[in-house]
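Take the two chains one step at a time.

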Amino acid sequence: MELNSEIEEDFRRLNDETYLSEKNYNELIEKIFSLFTSANTNIQLSSSFDKHLLSSILTSIFECVKYDFDETSIRSKLNDLQFTNKSRQDRFLNEYNKYLSIIQLYLKQKSIEHDRLLNINWRLDLQLKTNYTDKLLEPIYTLNWTKRDKYTTNIDQIQFTCSQENLQELLEKFKDAQSVLHQMQYQQQAKK
Amino acid sequence: MSTTSPLLLLDDERKAQLDLLNKIDESAAVEICKAALGYLSTGLNTKLITTAANNLQLDVETVRTTIDSLLWLYTECAKTKILPETLDESLKLLGYKTQIRQAFIECYTSQASQLQTILATDLALSLPHYKNLNWRFDVQIATRSMRSRKQFDPFFILKLTLINGTNGKEQVHLLEIDPLTLVHIVEQLELAMNESRSNHARRIMQTFR
């Protein structure tokens, strides 16, 4: 993991109690990590100096998660950056560990995406008559697939109809897919 | 809807248009019935109609109107899913002789199911409908943003192909789905499938049959 000189400089500042009081440091760290909770995506910063620090700390957090650093590696990296203040390191690591799983999830999602299928809704109609035909008596399914568009939070719908035979085919295909999961579970258990 | 199909009752104008078959030679009438059936799939052929009209020494327009009405009659039969016996009775009302009736019924029954399919699917109001689904099972093991972390995230890619109701064009949707959602979807589709076999659905089917 390599950080640029500006970030290294910021960490030296973070270490300096005359530059940043204990209270301000704690507040800053708390604000930064609170970004990973969905409730808070917009934080108020008092100065452009804070913004710069925030960007540096975030970059280093992401790098640590990206390379899956453990606590010892992080401490050693912080020491290398001359961020040696033990209580500040503890504070940082405490928050880091608390939010690690969320940050991992966040980074995993920053990958290549497809539209994501979220749910299926269905309706069963009995088609009786059209202007071209009498006595149809055909069961028709209307399916509504809810999906999230890739790289966005937009929710979209795919609506289509299918016959009873089509639905049976669709169900069989999904069941085939599901059986792969069972096979995989079985294989993993067998290996254990 | 009753279990016996009602007779096809034609208005006077139609009857008059179809009356030509009573006025010409029976074998010629049979030929016209057969030719009309052919036109159902190919559309009217003016040149052939003119030749036929000349051979029968009839007015081209009269032959054309008769064929038009025969096409209407074939379609109407398919629309109401008429039974051969009922059709025979209906044709008697037009005054057609046995040979013509038999020829018409034969022609109709040979194409009935195809005609009904066209009426029910190709012409009917149709929403996008299902054509195919392909799936693929993958495991995500590494990404640029998480390099050292040992990843193991199983997921499915689905390719859903639909056909547009109006222009018959295919639409393809590529979707990713996680295993848990897949299990939930299988449950939902099973519920949907079972619903069409439920007592409630059967009772309603019986009511309209």
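B:Leu189 sits in helix H8 of chain B, which spans residues 179–195. This is a predicted model, and everything below is computed from it. Is B:Leu189 buried or exposed? The residue has 22 other C-beta atoms within 10 Å. The cut-off for buried is 20 or more, so B:Leu189 counts as buried. Its contacts reach across to chain A. Leaving aside residues up to four places away in sequence, B:Leu189 touches A:Ile120, A:Leu167, A:Leu170, A:Leu171 and A:Phe174.

Now widen the view to the whole interface. In total, 45 residues of chain A are in contact with 49 residues of chain B. Which elements of chain A give two or more residues to this side? They are helix H5 (86–109), strand E1 (115–127), strand E2 (138–148), strand E3 (155–163) and helix H6 (164–191). H6(A) supplies the largest share, with 13 residues. By class, the side of chain A that touches chain B has 24 nonpolar residues, ten polar ones and eleven charged ones.

Strand pairing also links the chains. E1(A) pairs with strand E3 of chain B, residues 170–177. The sense is parallel, and the pairing runs over two bridges. One residue pair to look up is A:Asp115 with its bridge partner in E3(B), B:Leu175.

Next, turn to a helix pair within chain B. Helix H6(B) covers residues 84–93, and helix H7(B) covers residues 98–122. Their axes come within 10 Å and cross at roughly 140°. The crossing of H6(B) past H7(B) is right-handed. From H6(B), the contact uses B:Pro84, B:Leu87, B:Asp88 and B:Leu91. From H7(B), it uses B:Arg101, B:Phe104, B:Ile105, B:Tyr108 and B:Thr109. Sorted by class, this contact has six nonpolar residues, one polar and two charged.

Finally, step back to chain A as a whole. How many helices and strands does chain A have? There are six helices and three strands. Read from the N terminus, the order is α-α-α-α-α-β-β-β-α. Of its 192 residues, 17% count as buried. Consider contacts in chain A between residues at least 6 apart in sequence: 53% of these join residues at least 24 apart.

Technical notes:
Residues numbered from 1 in each chain as written. Chains lettered and ligands numbered in written order. Predicted model: local features only at pLDDT ≥ 70, side-chain atom pairs only at ≥ 80, totals over all residues. Contact = placed C-beta atoms within 7 Å. Helix = DSSP H or I, 4+ residues; strand = E, 2+ residues; numbered from the N terminus. Nonpolar A, V, L, I, M, F, W, Y, C, P; charged D, E, K, R; others polar. Pairing = 2+ DSSP bridges. Buried ≥ 20, exposed ≤ 12 C-beta atoms within 10 Å, placed from the backbone. Axes fitted to C-alpha atoms, helices over the stretch in contact; angles between N-to-C directions. Left-handed = near helix turned anticlockwise from the far one by under 90°.
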